[in-house]
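Here is my note on the structure, point by point. Please keep the model open beside the text.

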Amino acid sequence: AVAIQSDGKIVVAGYSYNETDSDVAVVRYNSDGTLDTTFGIGGKVTTPIGSGEDYGHAVAIQSDGKIVVAGSSNNGSNGDFAVVRYQTNGELDTSFGEGGKVTTPIGSGADCIFAVAIQSDGKIVVAGYTYDGSFDDIALARYNTDASLDTSFDEDGKVITDVSSDDDDAYLVAIQSYGKIVV
């Protein structure tokens, strides 16, 4: 995933294998393509979320410059939604979730985020899928700025939508100027 900061720096998110499993990885480049050595260690940050596979699939830049990366983290039996927030220098934002990270089980099966958007009020909207035992269904969650689920969003902060009798996954999310969410 890629996002451009207001200063033109390029933030890339994904994952990196650490000899045992995968961790969320973020790299920041200057506008000329060189690594931004003011970010993390030499322009790079890797973040383990859980004890298993962790993936970053989406990235967004907040209006204050903080970086939000979303994907999944293995909980020991399947994946959960995972969101990590970084300070502008690449350090974890400890005011967000537990040490800068939050994981959220959506359904009883595997859950994964593929898209993230930041609302004008700073709330974080993520979209992906949850496995219902037979097929994937579209899944959304909305987090407050501290990483707690926004219970004004479908009463529990999570929405699951079964569109068809087959796999339904959400790969993009956008917030319209008047606040409606488009997946």
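1. **Arg85.** Arg85 is found in strand S7, residues 79-86. Strands are DSSP runs of E, at least two residues long, and helices are runs of H or I of at least four, all numbered from the N terminus. This is a predicted model: local features need pLDDT of at least 70, side-chain atom pairs count only at pLDDT 80 or more, and totals for chains, interfaces and linings use all residues. Residues are numbered from 1 along each chain as its sequence is written, and side-chain values use heavy atoms, with hydrogens and water left out.

2. Is Arg85 buried or exposed? Arg85 counts as buried because its relative accessibility is 4%. Buried means under 20% relative accessible area, exposed over 50%, and partly exposed in between (1.4 Å probe, protein chains only). The Arg85 side chain makes a polar contact of 3.2 Å with the side chain of Gln62. A polar contact is a pair of N or O atoms within 3.5 Å; within protein, one must be able to donate a hydrogen and the other to accept it, and residues adjacent in sequence count only if both atoms are side-chain atoms. Arg85 also forms a salt bridge with Asp93, with the closest N and O atoms 2.7 Å apart. A salt bridge is a side-chain nitrogen of Lys or Arg within 4 Å of a carboxyl oxygen of Asp or Glu. Both Arg85 and Asp93 are buried. Leaving aside neighbours within four places in sequence, Arg85 is in contact (heavy atoms within 4.5 Å) with residues including Lys66, Glu91, Phe96 and Thr145.

3. **Asp150 and other salt bridges.** The structure holds six salt bridges. Asp150 takes part in a salt bridge with Lys123, closest N and O atoms 3.0 Å apart. Lys123 lies in the loop between S9 and S10 and Asp150 in the loop between S11 and S12, so this pair ties together parts 27 residues apart in sequence. Arg142 forms a salt bridge with Asp150 as well, at 2.7 Å between the closest N and O atoms. Arg142 and Asp150 are buried. Elsewhere, salt bridges that share partners join Lys9, Arg28 and Asp36 into one network.

4. **Asp23, a contrast.** Asp23 lies in strand S3, residues 22-29. Asp23 is buried yet has no salt bridge. Where is the nearest side chain of opposite charge? That is Lys101, 8.6 Å away. For charge, Lys and Arg count as positive and Asp and Glu as negative; His and the chain ends are not counted. The side chain of Asp23 does have a polar contact of 2.9 Å with the side chain of Asn18. Not counting residues up to four places away in sequence, Asp23 touches Tyr15, Thr47 and Asp54, among others.

5. **Aromatic pairs.** The whole structure has three aromatic pairs. Rings of Phe, Tyr and Trp (its six-membered ring) pair if their centres lie within 6.5 Å; planes under 30 degrees apart count as stacked, over 60 as edge-to-face and the rest as tilted. Tyr15 and Tyr55 are edge-to-face, because their ring centres are 4.5 Å apart and their planes lie at 85 degrees. Tyr15 is in strand S2 (residues 10-17) and Tyr55 in strand S5 (residues 54-61), so the pair ties together parts 40 residues apart in sequence. Tyr15 is partly exposed at 47% relative accessible area. Phe114 and Tyr171 are stacked, because their ring centres are 4.8 Å apart and their planes lie at 25 degrees. Ring pairs link Phe114, Tyr129 and Tyr171 into a cluster.

6. **Cores.** A nonpolar core is a set of buried Ala, Val, Leu, Ile, Met, Phe, Trp, Tyr and Cys residues joined through side-chain atoms within 4.5 Å. The largest has 17 residues, and those touching the most other members include Ala70, Phe81 and Val116. S11 gives the most to this core, with three residues. Another core, of 14 residues, lies apart from it and has Val11, Phe39, Val45 and Ala82 among its members.

7. **Backbone to check.** Most residues other than glycine have a negative phi. Ala147 has a positive phi of about 90 degrees. Ala147 sits in the loop between S11 and S12 and is buried, with a relative accessible area of 6%. Asp154 lies in the loop between S11 and S12, and its phi is positive, near 55 degrees.
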